[in-house]
Amino acid sequence: MPIGPHNKLKLYADACIPRCIIEELRAVGLPVEAATEIGNATQPDENILQQAKKLHKILLTMDRDFWDDRKHLLQKGPGVIFVDIPPDQATKAIDGLARFYTLFAKHYPLDWWESMKARVTESGFVLKFHAWEGKIKEEEFRLTDNGKLITRAIK
C-alpha cells in the first residue's frame, strides 16, 4: 500500500441497490450517492457507468451485466463493485459488503480503482483487474468457517 493520504471509497449506487443498503453504508460513514435520488433511476447501464466516472465514484450495483466484460469493458470503467446477492437478501448483502470493506476496500485508494471490478458474495469476493503484463487477472478471496482468509487465482 502506498504511504500518504488518498481518497477513500466513494460510491455511486445504481437503481437496483435497495434503499436499506444505501442507508446502512451511509450510517457507517461511507459516502454514497444514489441514482434514484438524483433522477437517474431509469438510465441505461452505459449512462449509469459514465455518471459514476464523471462523479469520480465507484459504481455499486447488483446488476450482473456490469461484471460481464463483453458488455462493460474493464478498462473503460470507473471501478465496479457488483454485489452478487439477490436484492431481497439485503442483510446478507450488507454482511458481504462489510467483509469486503474491512478486508480490502477501506485499504485500497480510490484513485487505484479505475479498470477494476469486484464481485462481492456472502463468503468473500473476487477482484478482476489488469495485471502489470497487460492480462486480465481474477483473484478470489474467501473466509473459511474458522475465520481464515484464503485466496486463489482464478485466471
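This is a predicted model: local features need pLDDT of at least 70, side-chain atom pairs count only at pLDDT 80 or more; totals for chains, interfaces and linings use all residues.
Select Phe129 and Lys137. Lys137, in strand E7, is the bridge partner of Phe129. Residues are numbered from 1 along each chain as its sequence is written, and side-chain values use heavy atoms, without hydrogens or water.

**Stop 1: the hairpins**

Two strands count as paired if DSSP finds at least two bridges between them. Now pick Gly134. It belongs to the E6 and E7 hairpin, with 5 residues between the strands, and has a positive phi near 95°.

Move on to residues 149–153, strand E8. E7 and E8 are antiparallel too, paired over 5 bridges. Then select Gly147. It sits in the turn of the E7 and E8 hairpin, which has 5 residues between the strands, and its positive phi is about 85°.

**Stop 2: the aromatic rings**

Display the rings of Phe, Tyr and Trp. Two rings pair if their centres lie within 6.5 Å, using the six-membered ring of Trp; planes under 30 degrees apart are stacked, over 60 edge-to-face, and the rest tilted. By this rule there are 10 aromatic pairs.

Zoom to Tyr108 and Trp112. Their ring centres are 5.5 Å apart and their planes meet at 80°, so this pair is edge-to-face. Tyr108 has 15% relative accessibility and counts as buried. Trp112, at 37%, counts as partly exposed. The cut-offs are under 20% relative accessible area for buried, over 50% for exposed, and partly exposed in between, with a 1.4 Å probe and protein chains only.

Next, select Phe125 and Phe141. This pair is stacked, with 5.0 Å between centres and 15° between planes. Phe125 lies in E6 and Phe141 in E7, so the pair ties together parts 16 residues apart in sequence. Phe125 is buried, at 4% relative accessibility.

Now show Phe100, Phe104, Tyr108, Trp112, Trp113, Phe125 and Phe141 together. They form one aromatic cluster.

**Stop 3: charges over Trp67**

Centre on Trp67. Lys128 lies over the face of this ring, 4.1 Å from the ring centre. Arg119 also lies over the face of Trp67, at 5.9 Å from the ring centre. A charge sits over a ring if NZ of Lys or CZ of Arg is within 6 Å of the ring centre and within 35 degrees of the ring normal.

**Stop 4**

Select residues 80–83, strand E4.

E3 and E4 are parallel, paired over 3 bridges. Thr61 stands opposite Phe82 in E4. E4 and E5 run parallel, joined by 4 bridges. Ala118, in E5, is the bridge partner of Ile81.

**Stop 5**

On a 1 Å grid over the protein atoms alone, a cavity is a set of points where a 1.4 Å probe fits but cannot get out; a pocket is an open set with protein on both sides within 12 Å along at least five of seven lines, and lining residues have an atom within 4 Å of a point. Points join across faces, edges and corners, and a volume is the space filled by probe spheres set on them.

The largest pocket holds about 210 Å³. Of its 10 lining residues, select those closest to the centre: His56, Pro78, Leu110, Asp111 and Glu114. The lining has 3 nonpolar, 2 polar and 5 charged residues. Here Ala, Val, Leu, Ile, Met, Phe, Trp, Tyr, Cys and Pro are nonpolar, Asp, Glu, Lys and Arg charged, and the others, including Gly, polar.

The structure also has 2 cavities of 30 Å³ or more. The largest cavity holds about 60 Å³. Its lining includes Leu9, Leu60, Ile81 and Phe100, and divides into 9 nonpolar, no polar and no charged residues. Helix H3 (residues 90–103) gives the most to this lining, with 3 residues.

Methods
Helices (H or I, at least four residues) and strands (E, at least two) are DSSP runs, numbered from the N terminus.
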